[in-house]
Amino acid sequence: MAVLNHMRNLGYGEVFIRHNAASHLNAIIAIHSSLLGPALGGCRLAVYPDDDAALHDALRLAEGMTYKAALAGLDHGGGKAVIIEPRGAFDRHALFSAFGDMVHQLGGRYYTAEDSGTTPEDMHVIRSVTPYVTGATIGDGGSGDPSPFTALGVRCGIQACIKFVLHQDSLTGLHICVQGVGSVGYHLCRELHAMGARLTVADTDANKTARVAQEFGATIVSVSDIAQIECDVFAPCAFGGIINDISIPQLRCRIIAGAANNQLAMEHHGDVLAARGITYAPDYAINAGGLINVAQELKGYREEIARSRTLKIFDTIWNILEEAKHSNIAPHRVAARIARNRLTSVK
Ligand code: NAD
C-alpha cells in the first residue's frame, strides 16, 4: 500500500485522509510527533502531479515541523496538512469549512495554520468550524499573516551567518540573491534592503519581481539563473529540493540561508555543501519565525513576545554553526541532533 510504504521509508507515520465530494476536498493531515505538545503546522493548498506526491509532501513537511518547534523551544509537536487543489472552479468557503471539520475531528491533536496557497481569510473560515486553528485575521483575534515573522527570523539567521563567516555585523553592500519573492521573499527583501544589502531576485511571477525592483532597487534575473549568480548569500524562498546534484556544482555563494522548507533534496547534500565550503543555515532552524508567531497566538497573542522570540533565531543559527565547526559535522546534522536531544529529553 503506497501510504504505508511512504511511512516505512520515512520511519514514522500517522496520517488522516479525507475526501468530501460536495466540497471537492481531498486532504491529508500528517502528524509526526506529539511529544512536546499538540502538533502545529500549516495547511498547504497546492496542485500535485498525483496523490502520492501530496502524501509524501505532507509526511516530509510534518517531520520538519517537529524539528522546527523543538529547535525554537516551542511546546508543540510537528504536523502538516495538504489540500490537493481542485481542478477547475471551486467554492473556497466550502472547501475550508470541510477541512476545518476534518481538523476538528482530531480533537486538538493537530492545530492548523496558514501555509503556501492559504490565507488568513481561509483560517477565518476554518475558525468558524473549529478552535484548533491559528493565523486567523488580526480583527478575528488571530495573529494574521505569519510571513513577516518568517522573514524577520530569516534576516536574523542571515546576520548570524554573515557574522560567523565574514566576521562582520553589517549587511551594507553585501550581495544577496533571493529566489522567490512571494509572501516571505517580499518581506525578506524589505528587511535586507533596510539594512543596506544589494539584492538580486527571481520569480516566475513578473509582477512580484517588478514590485521588489521598484521598492527595494533589486536587480531581476531569470528563474534559471538565480542559483548560479555570484553572491554572498543565496536565499531560497520558493520551493523545496533546490539544493541537489544539479544545483550544487553551479552555486557561487558563500552562504545559503532562506525560508523554503526542505531545501536539501537529500540529507547528504548538506554534507556536500559543507565539503564545498558553503555555509548552510538549516531551513527549519532559520524559518521558524512564522511558527513562533502562530504558537504565540495560542497563549494569547502579544506581538512583542513573538518578535523577541523570533529575534533569537540569530542565536539558534550561531550556536548551530559553532557546534558544526567544533565537531566538524555539517550544520544540518547538528540542527537535527539538537532537536532530537530535546525530544528524547521528554520521552
Ligand atoms: P509564496 O507562495 O507566497 O511564495 C513563493 C514564491 O515563489 C511565489 O512568488 C512564486 O511565484 C515563486 N516561485 C515559484 N516557482 C519559482 C521558481 N522556479 N523560481 C523562483 N520563484 C518561484 O510562499 P511563501 O509563503 O512565501 O513561502 C515560501 C517558502 O517558504 C515555501 O517553501 C514555504 O513552505 C516556506 N515557508 C513559509 C513560511 C511562511 O510564513 N509563509 C514559513 C516557513 C517556511
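# Packing and pairing in a predicted model

Visitor: At what angle do helix H3 and helix H4 (residues 120–127) pack?
Guide: H3 and helix H4 (residues 120–127) have their axes 8 Å apart. Helices (H or I, at least four residues) and strands (E, at least two) are DSSP runs, numbered from the N terminus. Axes are lines fitted to C-alpha atoms, for helices over the stretch in contact, and angles run from 0 to 180 degrees between N-to-C directions. The angle between H3 and H4 is about 55 degrees.

Visitor: Which pLDDT do local features need in this model?
Guide: Residues are numbered from 1 along each chain as its sequence is written, and side-chain values use heavy atoms, with hydrogens and water left out. This is a predicted model: totals for chains, interfaces and linings use all residues, side-chain atom pairs count only at pLDDT 80 or more, and local features need pLDDT of at least 70.

Visitor: Which word describes how H3 and H4 lie to each other?
Guide: Angles under 35 degrees count as roughly parallel, over 145 as roughly antiparallel, 65 to 115 as roughly perpendicular and the rest as oblique. The angle here is about 55 degrees. H3 and H4 are therefore oblique.

Visitor: Which residues in H4 meet H3?
Guide: Contact means heavy atoms within 4.5 Å. From H3, the residues involved are Arg92, His93, Phe96, Ser97, Phe99 and Gly100. Their counterparts in H4 are Asp122, Val125 and Ile126.

Visitor: How many residues of the contact of H3 with H4 are nonpolar?
Guide: Ala, Val, Leu, Ile, Met, Phe, Trp, Tyr, Cys and Pro count as nonpolar, Asp, Glu, Lys and Arg as charged, and the others, Gly among them, as polar. By that division the contact has three polar and two charged residues. The nonpolar residues number four.

Visitor: How do helix H1 (residues 2–10) and helix H2 (residues 51–71) lie to each other?
Guide: The axes of H1 and H2 are 10 Å apart. The angle between these two helices is about 30 degrees. H1 and H2 are therefore roughly parallel.

Visitor: What is the hand of the crossing where H1 passes H2?
Guide: A crossing is left-handed if the near helix is turned anticlockwise from the far one by less than a right angle, and right-handed if clockwise. Where H1 passes H2, the crossing is right-handed.

Visitor: In which sense do S3 and S4 pair?
Guide: One of the bridges puts Ala46 with Ile84 in S4. The two strands share six bridges. Their sense is parallel.

Visitor: In which sense do S2 and S4 run?
Guide: Ile28 stands opposite Val82 in S4. Six bridges join S2 to S4. The two strands run antiparallel.

Visitor: Is Met65 buried or exposed?
Guide: Met65 is placed in helix H2. The residues it touches, leaving out those up to four places away in sequence, include Leu40, Gly78 and Leu291. With 5% relative accessibility, Met65 counts as buried.

Visitor: How many residues of helix H10 (residues 289–297) are buried?
Guide: Among the buried residues of H10 are Leu291, Ile292 and Glu297. H10 is largely enclosed by the rest of the structure, because its buried residues number nine of the nine.

Methods:
Buried < 20%, exposed > 50% of the residue type's maximum accessible area, 1.4 Å probe, protein only. Pairing = 2+ DSSP bridges.
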